[in-house]
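Keep the 3D view open as you read.

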Amino acid sequence: MSGNTDDTPRRTDPRTFAVRAVSLLSQLVIPIMIGGFAILDEGEFDDMILFFLPLVLAVVGANILFAYLRWSRLTYSVGEADIRVDSGVLSRAARSVPYERIQDVSLEQKLVPRLFGLVEVKFETGAGGGDDLALAYLPESEGERLRELVRTRREGAVLEQSDDEVPASTEESRLLFAMSPRRVVTFGLFEFSLAVVAVVGGFASQIDFLLPFEIWDWRAWREQLAGPGQWLAGLGFLAQVIGGLFAVGSLLLVGVVTGVIRTVMREWDFRLERTDKGLRRRRGLVTRTDLVMPVHRVQALRVRTGFVRRLFGWHALKLVSLAGDSGSANHEAVPFAQMQEIAPVVAETGFSLPGHTLDWHRAMPTYRIDNFLVGFAITLVTSAVVLALGRFDVALLLVFIGGGWMALQEYLAWRWGRHAIDAGQLYTRRGWFAPDVAIASRGKLQSVEIVRNPLARMRGYADLRFGLAGGRLRIRGLPLVEARQIRDAVLDSMTEQDFSEIVEGQTVRA
Amino acid sequence: MDDADDLTQLDPAYKSMLRLQLAIAALVLLVAATIAEVAIPGWTGAVWIPALCVAAYALIRVPLRRYHATGFSLADERLRVVRGIFFRTDTVVPFGRVQHIDVGQGPLERAFGIATLTVHTAGTHNASVSLPGLRHEDATAMRENIRAAIRRDTR
C-alpha cells in the first residue's frame, strides 16, 4: 500500500494471464468443436484425432505462450509527472501520458476478470478517438489507488510521498440516487424494444423450417390447436384470431423480456454517489462499471423521457461532459426516476432545473409555416409525377395524408418546442412525442453562430447554433432580433471566464 | 450585406485568387464542353454557349459576391466571422474559448500572399472556424493577438 509514486516499472496482475487464457480457450473451443464435428462426419475418427490433437495443442500452446510473453513484457510505471506504459513483444512501444492530460479514469470489470477480482483501468485523455491508455488487468485495489492518484494529481494538491496518505476508503461519499431491483425491473418494462421484436419476427419467418409449426400459417395453427382442444377447430375463425393473438403476444413477450433482461444486466444495483472528486456511478450485473464524473466538467444537462413513460412521470438525466464515457460524451447520471429524485442530482451538478417563472419562447410561426410550405411543395411535385403515371387515387392520398401529417407535425413542433434564457443558463425543449429538455450553462459554451438561409432572410427568422463541448445545442426559427439578443447575452457570459478555468474548475489554487 | 455593422473586409487579393481558382475550374468545364460538343452531333454551340455563360458568371460575379459576403471583426476580444452567400452564417468565438490556431496557405494563396486563419474550439459544433482571404502578415498578427489574449486570461 505504500509508495505513491515509485518510479519502478510494475507488471499488471499475474492473474491477467489466467484471464487471457480463459477467454482465449473459450474463443478456441467453438472452432475446435466445429472442427471436431467435421472430423466425426468423416468417420475416420481415430486417425484424425491422432493427426489433429497435437496440432490443436500446438496452437493453444503457442497462443498461451504469446499471451504470457505479452504479459511479461508490459510494464507500467507511475511517475512524478506522468504514467508510462512500456509494451510489445517484438516491437517495443513506450507511451507517456502526463497527469494534466488525463481527463478521467474509469474502471471496468467484465465477467471473467471479475471472477478473479481484477479490473481494467482506462485513462481517458479526451483527445478524440477513444481511450488512449488502458491497463488490463490490475487488482481492484490497485485500480482504485491509481484513480485516486490521478485525481489528486489533477486537483493540483500534489501529495508528497508519504505513507500516511489517506486511503481511498475514507473518502466520504453521499448517496444521491440508487435503484432498487424493483425499480430496475420497472425500468426494464419500459425498455420494450421494438427492434428486437422485429428481428425475432423476421428471424422466426426465416427459420420457420426449424420450428415444428408455421408461425404465419393460420391453418397450421388451427391444426396445432386442434390437438388439445378439438372444439377450437370447430370455431374456425375464432381459432384463427386466437392463433394470431398468440403469435403477436409471444413476440411482444419476447420484446418485453429482452428489454427487462438487458436493463437488469446494465442497471443492476445502480448507485450514484457524490464524492469529493465528482459524481460516482456504479452499475451492472455481470459487467460492473465504475465511473466518476467530475462535476466541474459537466457542460450541459439533458432531461429526457419517453412517450409512454412520461405518463408515469419517469425521466432520465444525462450529463453532457468533456470526458467521453467509452465513446459517447453523454453520461447517464439518472436513467429512470421521478423528477423529485432528479432535482437533488441536478442541484449537485451546479445547474438548476427550469423554474416556473421562466419566460419560455416559441419559434416564429412563420418558420414552421415555411417549413410546412416547403415540405408540401415537395409533396405536390411528387404527386404530380404520380398523377402523370396515371395513379389518380395515390396522388390524391399523397396530397391529403402527406400534407395533413406535415401540418400536424409542424404544429406540434411549434407547440412543444421552446427555448428560454435566464441569468446563468440556456434552456431548450423539443419534441412532443418524447420531450427532451436541454439545460446549458451560458458560461460554458464555446461559440455562437447565427445561420440564415435565403428563406429565413426573406421572412426575418434565424437559427442559433451553440458550440458545446461534447454535445449539440441549437434553437431554430427564432426572430432575428431575439437571436441577436440571446447571442450577445451568451457572449457576455462566455467572456467572463477562460476555457481552462471552466475545464479545471478551481485552477487558481497554486 | 444585411448585417455589415462594423465588419472588416478581406484583402482584395482574395478576389483575384478566387477568380484564378474559378478560372481553373472553368477551364476544366470548357474542355469537357468541347469534348461534348464534338461528340454530340447537331447544331454547334448547344453545349458551348451554356458552358460559356456559366464560366463567365463564375469568373465575373462569384468572386465579387463571395468577397462582399465575407467579413470579420476582432472587437471585444471576440473573433466574429460572417460568411456565405446563400446560407449566411455569423459565428462568434471569444478568444477565451480558442484551443489552438492555424494559419494555413495553399499554393494559390501563397502566390497571392494571402492566408486562411483557422481557430479551433472544444465545441462539437463549430469545432473549427476558418477565415480565408487575409493578408499573410495580418493573419499571423491576428494569431499572435489571439494567443496573447489566451495567455493573459489563463495566467
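## The nonpolar cores

Start with the largest nonpolar core, which has 32 residues. Six of them touch the most other members: Phe177(A), Leu272(A), Leu301(A), Leu317(A), Leu319(A) and Val334(A). Strand β14 of chain A, residues 328-337, is the top contributor, giving four residues to this core. Bear in mind that you're looking at a predicted model.

There's also a second, separate core, this one with 25 residues. Among its members are Leu10(B), Ala13(B), Leu79(B) and Leu131(B). As a general rule, nonpolar side chains in soluble globular proteins tend to be buried together.

## Two helices in chain B

Now find helix α1 (residues 13-39) and helix α2 (residues 48-69), both in chain B. Their axes lie 9 Å apart, and the helices pack at an angle of about 170 degrees. Angles over 145 degrees count as roughly antiparallel, so that is what we call α1(B) and α2(B). What kinds of residues make up their contact? Sorted by class, 20 are nonpolar, one is polar and four are charged.

Rolling a probe the size of a water molecule over the atoms shows where empty space is left. Here, counting cavities of 30 Å³ or more gives four. The second largest cavity holds about 40 Å³ of space.

Which elements of chain A give two or more residues to its lining? They are β12 (298-304), β18 (436-441) and β21 (471-479). The lining of this second largest cavity includes Ala300(A), Leu301(A), Ile439(A) and Arg472(A). By class, that lining has eight nonpolar residues, two charged ones and no polar ones.

Elements giving two or more residues to the lining include α11 (365-388), α12 (392-416) and β17 (425-430) of chain A. Strands β18 and β21 of chain A are also on that list. The lining of this pocket splits into twelve nonpolar, six polar and eleven charged residues.

## A closer look at Arg465(A)

Finally, zoom in on Arg465(A), which sits in strand β20 (residues 461-468) of chain A. Is Arg465(A) buried, exposed or partly exposed? Its relative accessible area is 23%, so Arg465(A) is partly exposed. Along the chain, Arg465(A) and Glu449(A) are 16 residues apart, yet their C-alpha atoms are separated by 5.1 Å.

Conventions
Residues are numbered from 1 along each chain as its sequence is written. Chains are lettered from A and ligands numbered from 1 in the order in which they are written. This is a predicted model: local features need pLDDT of at least 70, side-chain atom pairs count only at pLDDT 80 or more; totals for chains, interfaces and linings use all residues. Side-chain values use heavy atoms; hydrogens and water are left out. Axes are lines fitted to C-alpha atoms, for helices over the stretch in contact, and angles run from 0 to 180 degrees between N-to-C directions. Angles under 35 degrees count as roughly parallel, over 145 as roughly antiparallel, 65 to 115 as roughly perpendicular and the rest as oblique. Ala, Val, Leu, Ile, Met, Phe, Trp, Tyr, Cys and Pro count as nonpolar, Asp, Glu, Lys and Arg as charged, and the others, Gly among them, as polar. On a 1 Å grid over the protein atoms alone, a cavity is a set of points where a 1.4 Å probe fits but cannot get out, and a pocket is an open set with protein on both sides within 12 Å along at least five of seven lines; lining residues have an atom within 4 Å of a point. Grid points are joined across faces, edges and corners, and a volume is the space filled by probe spheres set on the points. A nonpolar core is a set of buried Ala, Val, Leu, Ile, Met, Phe, Trp, Tyr and Cys residues joined through side-chain atoms within 4.5 Å. Buried means under 20% relative accessible area, exposed over 50%, partly exposed in between (1.4 Å probe, protein chains only).
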